[in-house]
Amino acid sequence: MRPLPHPEPDEIRLEAVLHALADPVRLQITTMLAEGHEDMACIAFDLPVTKSTTTHHFRVLREAGVIRQHYQGTSKMSTLRREELDTLFPGLLTSVLSAAARQAG
């Protein structure tokens with residue numbers, strides 16, 4: 001399988017990251033990855049959307065630079081690019097995830 005395209009750290013734009021995190025489903029994915037679930041298969045996420053919509057959400061997150069994906073066998077694995085995001089935008093991811101947790105109750 002061909003490698004998936006990812007932006008290099010210097011290509012990650014703040015507006016793309018904010019757009020990606022503004023969607024509730026994508027924020028849920030990011031939260032699950034931030035909770036220590038490294039290298040999760042896309043099928044492991046229990047999301048309230050169809051498979052094709054799930055694929056779209058993962059693509060938006062990958063293209064924005066929020067996650068990194070790779071194939072492991074037939075599964076597409078996802079990892080949060082936390083270290084890179086924290087370097088580029090200090091405190092952003094922590095603040096967004098904290099606010100999401102507060103809103104969730």
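**View 1. The largest cavity holds about 30 Å³ of space.** In this predicted model, local features need pLDDT of at least 70 and side-chain atom pairs count only at pLDDT 80 or more, whereas totals for chains, interfaces and linings use all residues. Residues are numbered from 1 along each chain as its sequence is written, and side-chain values use heavy atoms, with hydrogens and water left out. A search of the whole structure finds one cavity of 30 Å³ or more. A cavity is a set of points, on a 1 Å grid over the protein atoms alone, where a 1.4 Å probe fits but cannot get out; lining residues have an atom within 4 Å of a point. Grid points are joined across faces, edges and corners, and the volume is the space filled by probe spheres set on the points.

**View 2. Val17, Leu21, Leu85, Asp86, Phe89, Leu92 and Leu93 line the largest cavity.** Two or more lining residues come from each of α1, α4 (82-88) and α5 (92-104); helices are DSSP runs (H or I, at least four residues) numbered from the N terminus. The lining has six nonpolar, no polar and one charged residues (Ala, Val, Leu, Ile, Met, Phe, Trp, Tyr, Cys and Pro count as nonpolar, Asp, Glu, Lys and Arg as charged, and the others, Gly among them, as polar).

**View 3. Helices α1 and α5 cross at roughly 20 degrees, and their axes come within 12 Å.** Axes are lines fitted to C-alpha atoms over the stretch in contact, and angles run from 0 to 180 degrees between N-to-C directions. The two helices α1 and α5 are therefore roughly parallel (under 35 degrees; 65 to 115 counts as roughly perpendicular). Their crossing is right-handed, that is, the near helix is turned clockwise from the far one by less than a right angle. Leu14, Val17, Leu18 and Leu21 of α1 make the contact with Leu92, Leu93 and Val96 of α5 (heavy atoms within 4.5 Å). This contact has seven nonpolar, no polar and no charged residues.

**View 4. Helix α1 (residues 14-22) packs against helix α2 (residues 24-34) at about 100 degrees, with axes 5 Å apart.** That angle makes α1 roughly perpendicular to α2. From α1, His19, Ala20, Leu21 and Ala22 meet Pro24, Arg26, Leu27 and Thr30 of α2. Five of the contact residues are nonpolar, two polar and one charged.

**View 5. Helices α2 and α5 cross at roughly 110 degrees, their axes coming within 11 Å.** Helix α2 is thus roughly perpendicular to α5. Leu27, Thr30, Thr31 and Ala34 in α2 meet Leu93, Val96, Leu97 and Ala100 in α5. The contact has six nonpolar, two polar and no charged residues.

Technical notes
Parallel < 35°, antiparallel > 145°, perpendicular 65-115°, else oblique. 1 Å grid on protein atoms, 1.4 Å probe; cavity = no way out; pocket = protein on both sides within 12 Å on 5 of 7 lines; lining within 4 Å.
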